[in-house]
Amino acid sequence: MSRQSPAPPRGARSQRTRSSSRFRGWLRHHRAMMLDSARRLLRRPIGSLLTMLAIAIALVLPAALWLALDSARLLDAELDESATLTAYLEPHVGEAQAGRIDEAMAAHEGVMRSRLITAAEGMAEFQQALGLDDALERLEDNPLPASIVVVPSDPAPEAVRQLAGELQALSGVDEVRLDLAWLERLRHLAELGSRLALALAVLFGLGVLLVVGNTIRLAVESRRQEIEVVMLIGATHAFVRRPFLYSGAWYGLGGGLLACGLLGLGNQWLTVPVSALAASYGASFTLPRLGLEGSATLLLCSTLLGWLGAWIAVSRHLAEIRPR
């Protein structure tokens, strides 16, 4: 006779059944509270819309500053590419020696590329820029030295200064000139803008918490008797808190959606004058957009802020409610 495997204990099966049933009930309650909180918001469309609009306005300002800093970072990257050094060679250096110096600079590990400008080419560019062809043609000798324009591989001010010192030490180089004041000012402004954006994000994030917290506080007070009844029959704080948390999340999500819409409208409204201003300076510039990743980040942050504001408000009021 074949041996039959022993059946699992009935207690273990019943324990698994109870755990599975409890988990399904937990999910059903979450789904029911999520839908119920959404229906409660829809029953008060004007009040809910005003709350979401207040949240959206609080989110638009730091998000707009973040986009402005993003455009400044793009401009900073373009300026980094235009950061150059100019090495002026000694007057007695001929074209052959100047070519060898240019090759030595191009081979330097800190140099991305270099361009040799001979004395004749420098004079021609100078004449074309100033329109003094007749006056400069009367000069017997060319007073301009040959020069080499160097684009550093690392545009950081410290690295550029170190590169300038190393190029200055090369034989035949008379002077290396660099102007990093504008680059340092731009980096300081970018750092100041980043800190300002962070400070505004924190302040307006606290504003969102206050808006949602005050709204949820009123909702808790309006349902105080209902809360006392369910707590009398054994409801836990987590059970009572759940519908209000979903309400806060809905407020945050709605405020985030309105903020994305306001940022999109503002972008379209400012695109034409900004493009016209850039074109008047002979440049092309487009305002940055949130994009999919930025919109998802904004919606996630707004939803979390709404949930957190609701949690703080409900937890504080539940501690004060005592069933009678």
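# Legends to the close-up views

**View A. Strand 1 in its setting.** Four of the five residues of strand 1 are buried, so strand 1 is largely enclosed by the rest of the structure. Buried means under 20% relative accessible area; exposed means over 50%; partly exposed lies in between (1.4 Å probe, protein chains only). Helices (H or I, at least four residues) and strands (E, at least two) are DSSP runs, numbered from the N terminus. The model is predicted: local features need pLDDT of at least 70, and side-chain atom pairs count only at pLDDT 80 or more, while totals for chains, interfaces and linings use all residues. Residues are numbered from 1 along each chain as its sequence is written, and side-chain values use heavy atoms, with hydrogens and water left out. Strand 1 is joined to strand 3 by four bridges, and the two run antiparallel. Strand 1 also pairs with strand 4, again antiparallel, over four bridges. Two strands count as paired if DSSP finds at least two bridges between them. A87 marks both pairings: it stands opposite I148 in strand 3 and opposite V176 in strand 4.

View B. Strand 2 and strand 3 (residues 147-152) pair over six bridges, in the antiparallel sense. Within that pairing, R115 stands opposite V149 of strand 3. In a regular strand the side chains alternate between the two faces of the sheet.

View C. Contact means heavy atoms within 4.5 Å.

View D. Helix 3 has 12 residues, which at 1.5 Å a residue should span 16 Å; its end C-alpha atoms are 16 Å apart, which agrees. The expected span is 1.5 Å times one less than the number of residues. A98, I101, D102 and M105 are the buried residues of helix 3. They cover an arc of only 105° around the axis, which puts them on the same side of helix 3. The arc is that of the directions from the helix axis to the C-beta atoms. The buried residues of helix 3 pack against strand 1, strand 2, strand 3, helix 6 and strand 4. On the face turned away from that buried side sit the exposed residues A96, R100 and E103.

**View E. The largest nonpolar core.** The largest nonpolar core has 29 residues. Such a core is a set of buried Ala, Val, Leu, Ile, Met, Phe, Trp, Tyr and Cys residues joined through side-chain atoms within 4.5 Å. I216, I227 and L298 have the most contacts inside this core. At least two of its residues come from each of helix 2 (45-82), helix 7 (181-222), helix 8 (224-232), helix 9 (237-280) and helix 10 (291-318). Helix 2 gives the most, with eight residues. Apart from this core lies another, of 17 residues, including A87, I101, V150 and L163.

**View F. I216 and G248.** Neighbours within four places in sequence aside, I216 is in contact with F244, S247, G248, Y251, A310, A313 and V314. G248 is in helix 9. Its relative accessibility is 0%, so G248 counts as buried. Not counting residues up to four places away in sequence, G248 touches V212, I216, G306, W307 and A310. G248 and G306 are 58 residues apart in sequence, yet 4.5 Å apart in space, C-alpha to C-alpha.

**View G. N267 in helix 9.** N267 is found in helix 9. At 8% relative accessibility, N267 counts as buried. Residues up to four places away in sequence aside, N267 touches L287, P288 and R289.

View H. The protein has 10 helices and four strands. Along the sequence they follow the pattern α-α-β-α-β-α-α-β-α-β-α-α-α-α. Of the 324 residues, 32% are buried. Among contacts between residues at least 6 apart in sequence, 79% join residues at least 24 apart.
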